[in-house]
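Reader: Can you walk me through this one? Keep it short, please.

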Amino acid sequence: MMRDLFKKTKYVQMPIKQKQVDIIPEGVWIKCPNCGEILFKDDFDKNNGVCSFCKAHHRIGAYDRLSQVLDEGTFVEMDKELSTLNVLNFPNYEEKISKAQEKSNLEEAVVTGIGQVGGLSTVIAVMDSRFMMGSMGYVVGEKITRAIETATKKKLPILIFTASGGARMQEGIMSLMQMAKTSAALAKHHQQGLLYVTVLTDPTTGGVTASFAMLGDIIISEPGALIGFAGPRVIQQTIGQKLPEGFQRAEFLLEHGFIDRIIKRKHMKEELHKILLLHSKEAFYE
Amino acid sequence: MNNNDKIEKLHNKLEELYELTKEQSIDFSFEISELEKKLTTLKENYYSHLTPWDKVSLVRMSTRPVAKTYIDHILDDFIELHGDRLHKDDKAVIGGIGFLDKIPVTVIGQQKGATTKENIERNFGMLHPEGYRKALRLMKQAEKFHRPIICFVDTPGAFCGIGAEERGQGEAIARNLMEMSMLKVPIISVVIGEGGSGGALAIAAGDRVWMLEHSVYSILTPEGFASILWKDSSKAKEAAEVMKMTAKDLLDLGAIEKVIPEPLGGANAQPVEMADTIKALLIEEIKELLNLDVDVLLENRFNRFRQMGSSMYSS
């Protein structure tokens, strides 16, 4: 009894959960889901969704992304009204869609349009992981294909920011076919000698990785983004061993030669402008 | 007793009668012919009412003919070619050249093993990036020599593993999809067993995609699907029912051009007959595709995917 009083009790240490939560929209303070530090929300927003302590690049919405990259007031959205119909009658799919629409204020998981980066026109598509984890069904594939076709027709470059868990299960084989459709549209753009830049953001996996994400003339990534074909959980289950540290992160892909550059969010616009300039007509004459 | 057991029991009875006839020279011909008739009816009934999960099970059986079975029966003078020229030779896919009724063709087949030992060697038909790159190398070679391309699809999916990710599984599949849309020769893909995910699509992005009657083709294996949507891979059977993964489903959806009927008992029971059917269809279709102007061929191929599922949105 007495002895127990002096015993040093070992308490379980709780690690900070690396939960991929959306940054809490309301409130003045937020907690970084990566390092657990408490951040002042205004600072966090000014920092473009990057933690000022651990520098983790958190997931951000499509319109926030557009405003970070494009010149103010230049964005003209395309196909905004396109939304998904559950023609295959997958159980509870409509409810999932409406919930995602409510949560994200988007019709679907990608926003497309034309805008300018430092005065240079480009077609742009930005995926949004808040909408059913950015999964690609018919509408996502169609909007991206139309964006590519617009770029081909107008002889413009195209920038695609990817953020997706892959093909959308509820649309079955038709989701899979979007991989072939987008890739074939890119081939036509490619044959015109036009520029395609992809920016891979957290997370980019599955059918999106295995189609347009990996087909850029130049492939950029944000630091720390998860990029892969199979998700880490599936691989771990398949091979039954622990995955190496940093596996499938942007830095891992750079090392293995599958992306060109890792660019911090605060430098993204500047970097994209330089790349667009290097491929613009002006570059030949100046 | 389910249908399958009934068939099994009748089979055994018939075997006994055959034996008896031989051993004791008693004439059972009447009984035998009656039983045979009954067995055929039962089989016809059984095989025309397979559930999606029955089909998944059927195509995963070791009796199911694999790509090499068809290649050997369909092509003359087949010469296998190896390697992706970058990393290694992926044995989960075989490729090569041969004659299809005097037409030189390139053939690519995702190859499962006939035995457990061979299955391990073939990685159960699950390709690594080097497998897709080998396929693309051979397809480009086919284009150089104006040879049509035939692909046999039979994979649970692209392999998930550390090496596969390190060597760019996603990039390899994506590259195939883009390059295949530009290849200036006809491409016909036939799903002979399991068509699983992007790993199947990476050799099925051509001019015609056909499926054998009992084969399946889906966004993911039913196990993977159940695991992602319901966090429980043991619900694979339920998943198969809602996935719309049978040949008929895909034909109805407009995702494939043709369902090839299988002989009684499935291709499993009569591989040679199955191969003959496929061969005749391939010859006919390839001749037709070879007559097309290249620009028309490519435009049709593009539109094949462009128009698919166009009722799936509102605006």
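**Domains and helix contacts**

Author: The C-alpha centres of domain 1 of chain A and domain 2 of chain A lie 24 Å apart. This is a predicted model: local features need pLDDT of at least 70, side-chain atom pairs count only at pLDDT 80 or more, and totals for chains, interfaces and linings use all residues. Residues are numbered from 1 along each chain as its sequence is written, chains are lettered from A and ligands numbered from 1 in the order in which they are written, and side-chain values use heavy atoms, leaving out hydrogens and water.

Reader: Which residues does the domain assignment give to domain 1 and domain 2 of chain A?

Author: Domain 1 is 11-58 and domain 2 is 60-285. The bounds come from an automatic or database assignment.

Reader: How many residues does each one put into the contact?

Author: Six come from domain 1 of chain A and eight from domain 2 of chain A. Contact means heavy atoms within 4.5 Å.

Reader: New topic. How do helix 6 and helix 8 of chain B cross, left-handed or right-handed?

Author: Their crossing is left-handed (the near helix is turned anticlockwise from the far one by less than a right angle). Helices are DSSP runs of H or I, at least four residues, numbered from the N terminus.

Reader: Which residues of helix 6 of chain B meet helix 8 of chain B?

Author: Among them are B:Pro129, B:Tyr132 and B:Leu136. Helix 8 of chain B brings residues including B:Ile173 and B:Met180.

Conventions:
Helices (H or I, at least four residues) and strands (E, at least two) are DSSP runs, numbered from the N terminus.
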